[in-house]
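Q: I have this open for the first time. Can you walk me through it, starting with a pair of facing residues?

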Amino acid sequence: MSFLLTCPNCGVREVTDFGFGGEVSQRPTERPTWRELNTYNYFRRNVAGVQREWWVHRSGCRAWFLAERDTRTNEVLWTALPNAAPSPSPGTAVAS
Amino acid sequence: MDGAAERGAVAVARDGGGVVTRLPPQPGERIDRDRPISFSFDGTAVPAYRGDTIASALYANGRRIFSRSFKYHRPRGELCGCGRCGNSLVQVDGAPGIRACGEPVRPGMRVEHQNAWPSLERDVMSAVDRFAGPFTPPGFYYKTFIRPRSLWPLYEKLLRRAAGLGRLAPEQDERSWRTEYRRRHCDVLVVGGGIAGLAAALRAAELGADVVLCEEDVEPGGALLAEGGHERARELARRAAAAGVELLARAPALGFFDGLVPVWQGDTLHQIRAARHIAATGTIEQPLVFADNDLPGVMLSSGAVRLATLYGVKPGERAVVATTGDRGLHAALALKRLGVDVAVVADLRADAGGGELAAQVQAAGIGLRRGTTVVSAHGRAGVEAATLARVDADGRAVEGTAERVACDLLVVSGGAAPATSLLLQSGARARYDTASGRFFADRLPADVHVAGAVDGHEDADAAELSGLAAGAEAADALGRISSQDRRLLTEQRRELAARPEATAVATPPAVARGHGRGGKAFVDLDEDVTAKDIAYAVAEGYDSIELSKRYTTVTMGPTQGRFSQLASIRMLARETRTPLGDVGLTTARPPWSTVPMAALAGRPFEAAKRSAVHGRHRELRATVRWAGDWRRAYDYGDPEGEALAVQRDAGVIDVSTLGKLVVRGPDAGELLDRLYTNRMSTLAPGRIRYGVMTSEAGRITDDGTVGRIDDETFYVTTTSSGVGAVEQQFSWWLATWALDADVTDVTQGVAAINLAGPRAREILSRLTDADCSNEAIGYMDASEATVAGVRCLVMRIGFVGEVGYELHCAAPHGRSLWDAIAAQGARPFGLEPQRILRLQKLHILVGQDTDSESTPYGAAMPWAVRLDKEQDFIGRWALEHAAEHPAEAALVGFTCLGGEVPTEGAVVLVDGMPAGQVTSARRAPLLSTSIGMAWVPAALARDDARIVISDAGRRIAATVTTRPFYDPEGKVLRS
């Protein structure tokens, strides 16, 4: 795996500068059933396509930010700090 | 047979016997004759000039054998003259696999031969060639050495000794060199510094692009440098540099990895990422396949010409040239001009190109044989003669056409194969062009352009024009081109398309043979694969290119098939009666050029963290060991004595390795409530609380203390190795929840020193004006104070079981604080005595006593979880579940009845079956017994339950304890 990622604070860097935080998932707001909790803990959508995911600039400013990336091509559509992230584009996988 | 009776037989010393074959100075030569230097080859001094390669200097001094072949140990000589073939691999200063014809000489460099014993001239293993040759077809080793199975280890040992090229030093005291990584982002990367690459780089740079060009030779210029165009090539390089192109010489591009191109240059591995790539990688001249085509003295035309024009070395006295196109005719003329007696040119084309060039050859007094090729070389340690003949479609010499010509140099030119490896790695597809008999790269990825000979534009003018166009196209794709420049580009493309086709090249037979038995005809010199081997593989059913490659190992040697792929395809096409274009192409994998593993591994970074007090620990002769990234004092020579000193008097330990975070902001308390399993927001300023963090699955991830400094500020300590992960967790949840707080890791900036023991309070009060009474600073209180002149955060924490004060101060003052405390008689103690003391208190060490399955309930810390808090927190749901479903295993203390100390990890047995394991065990000096912690079945988690520990064959009886061994009520701690 090798591509560039744009840290919203620091700019364009090699992906090896960053830590991957996995696909964005929604933490249950109500007390989940045991099955729901295990699904939240252990199951990922693992889409082949555009997904929204977390990254951290580990070797840089250490900020967490969001990105949309096509998992098939590693094309990064955008990156943004959480408060500046656009709403999901149509067809984007955001786990619920 | 041998050439004694040949007409014009030539005698040339072939044993490095000192016959010097330097030519008079050549225009554009690379050597500096005013700067003679010397290096050693196999212990003998070799004179050379600065600018020579190892091979050119050795050749100039009469050496003709440069290596012994991989399998048959046949003598091999110079082939390509440019560092691309595998014929001249040598060891340089102990490093194996260096290509002598690409490696410049340095004064004092120590060069040794490889793969021959005792010497290159007399190699014992060459007996394999004479005697075992016919009996070692492909697959021989697979088939022979597999039975009986039990003998394979012995076979393996012997075969490994016989196989391989070069020897690595078994041990190296110290790395003699190191490599650096360099990341370079640019607009355009041009691979190949021939005229096309230079023109492309220049044009792209002129149009404003940031351009890097890498070239594997010692200077850019490419083929033109040796073919009379050195002034033009060097001028173009100067202009490119002036336009801002970063020129990397002696820097091969190793491969194309998902848009990242590693370029190796000496001790630097450039990791180049470009928006656009231009491949101007040129062509690779192909050898011909005929009997004994591997004899020293058989040389590619480009190699012979390079040797003469760039290094002023006469490649031979009397030459025969065998060619399939104009290239050989040019070489013949060039060599003739240089004073080589070129006897005959055998041109496979029936009309020898039909043009002016053929007339020039004849006018120069060189015999021209049309429709003829070489079918056999003759000689023992080198070429002494060549047999030329007309051949039929099958490559057999036509009766009555054979002619034997004496020579000591057999120049071959089997056409030029586009160097498409990098392009194919980038995702392009190979396309066979029937007209030219070549494989070109087709269907290029969007960000890849081609220029020059690799795309079929071979002569200098066409190559330059195609380079200019490719450079403009790359700039266009970057949006850096004006409409005027775009019109120019269109014109250049039109001009390029209108250029006349290059003169025809004949397709050589897969293998040319004379009558009679004849010697081995090699398809692949790297791996010693003969034409017969491939025929044999096809006969055995390995009839696709991928299968025959793996079976015969053709193209799998150090050069990755650049001189053998085309030949193997022809051979396969012949044997399977398939058209050439249908045979297909195997993948030439990276790296393009031999690269030391050390260059890929990069420079070894071993991050070592040291506390501000580390120097003192060394002076005190501490045993220093790794603890995560930290270098830590394990003990100062007497761990049990140190532990006793803490319990009886006072001790001081450096705990600067603790992770330390400052959490600040209006929502800081809420953040901590959400991350720890207990309540932190209710802490009063000046108070401290122990806390555990779990994952969403309720498993313990870290522990530590949280102290409240003021309403909005908390000071958090974490485990020494956990701080990075904890900080990342904190900041991730902060980002997720959008809470108004921030977290700062201050671990490296803060020193922490723990003073503990019955005399700790007395010592502290002597060093500070602050009130140190139990009323003023009680257990789990925190306050700021000046201690020994150092501003500290004093935290009354007792993880070793005694009255203790943890003093946190700015790291630069750590040492003076330590000194002041030690001067009061507190005995330094290390990590090991601390483990003993902690164990007596049954304090868990996260990661040592817990693993990724441990919940606070299992770890006997239900008190650390506050399910009654209204705040949701990480792991709450899982912990609620865990509270309702008792754990199957529990962490308990144990005492060994016989005083044994079981190994950590030893198995706890129940009814003879494994049912748990020991996580910690130590001798406890004050208790005069040995104690430990273990996971046991929950039913056994009660005081005085008997357990049996199995430790490497020993059975150890122990009793369970659920309460701390020492001061279970914490009276000492709170006193």
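A: B:Cys896 stands opposite B:Ala958 in β46(B). Strands here are DSSP runs of E of at least two residues and helices are runs of H or I of at least four, both numbered from the N terminus.

Q: What should I know about the model and the numbering?
A: This is a predicted model, where local features need pLDDT of at least 70 and side-chain atom pairs count only at pLDDT 80 or more, while totals for chains, interfaces and linings use all residues. Residues are numbered from 1 along each chain as its sequence is written, and chains are lettered from A and ligands numbered from 1 in the order in which they are written.

Q: Back to β46(B), then. In which sense does β41 of chain B pair with β46?
A: Antiparallel: β41 (residues 889–896) and β46 (residues 954–961) of chain B are joined over four bridges. Two strands count as paired if DSSP finds at least two bridges between them.

Q: And how many bridges link β45(B) to β46(B)?
A: Six, again in the antiparallel sense, with β45 covering residues 946–951 of chain B. B:Val948 is set opposite B:Ala957 there. The two strands form a hairpin with two residues between them, and B:Ala952 in the turn has a positive phi of about 50°.

Q: Zooming out, how many helices and strands does chain B have?
A: Chain B has 26 helices and 46 strands. Its radius of gyration, taken over C-alpha atoms, is 38 Å, well over the 30 Å that the globule rule gives for 975 residues, so chain B is more spread out than a compact globule. That rule is 2.2 Å times the number of residues to the power 0.38. The C-alpha trace spans about 115 × 75 × 55 Å along its principal axes.

Q: Which domains is chain B divided into?
A: Domain 1 (31–136), domain 2 (180–280 + 459–498), domain 3 (520–598), domain 4 (614–839) and domain 5 (884–975). Those bounds come from an automatic or database domain assignment. The C-alpha centres of domain 1 and domain 5 of chain B lie 67 Å apart.

Q: What share of chain B is buried?
A: Buried residues are 51% of its 975 residues. Buried means 20 or more other C-beta atoms within 10 Å of the residue's own, exposed means 12 or fewer, and partly exposed is in between, with C-beta atoms placed from the backbone.

Q: What does β19(B) pair with?
A: β18 (residues 373–378) of chain B is one partner, antiparallel over five bridges. B:Val374 in that pairing is opposite B:Leu388. Another is β20 (residues 403–406) of chain B, antiparallel with four bridges; B:Ala386 has B:Val405 as its bridge partner there.

Q: Switching to helices. Why is α11(B) called largely enclosed?
A: Because 15 of the 18 residues of α11(B) are buried. One residue in this helix is B:Glu464, which is buried, with 25 other C-beta atoms within 10 Å.

Q: What does B:Glu464 touch?
A: Leaving out residues up to four places away in sequence, B:Glu464 touches B:Ile195, B:Ala196 and B:Ala199. A contact means C-beta atoms, placed from the backbone, within 7 Å. B:Glu464 and B:Ile195 are 269 residues apart in sequence, yet 5.6 Å apart C-alpha to C-alpha.

Q: Now the other chain. What is the pattern of chain A?
A: Along the sequence it reads β-β-β-α-β-β-β. Buried residues make up 19% of the 96 residues in chain A.

Q: Is B:Ala738 buried or exposed?
A: Exposed, with 9 other C-beta atoms within 10 Å. B:Ala738 is in the loop between α21 and β35 (742–745) of chain B, and touches A:Pro82 and A:Asn83, not counting residues up to four places away in sequence.

Notes: Contact = placed C-beta atoms within 7 Å.
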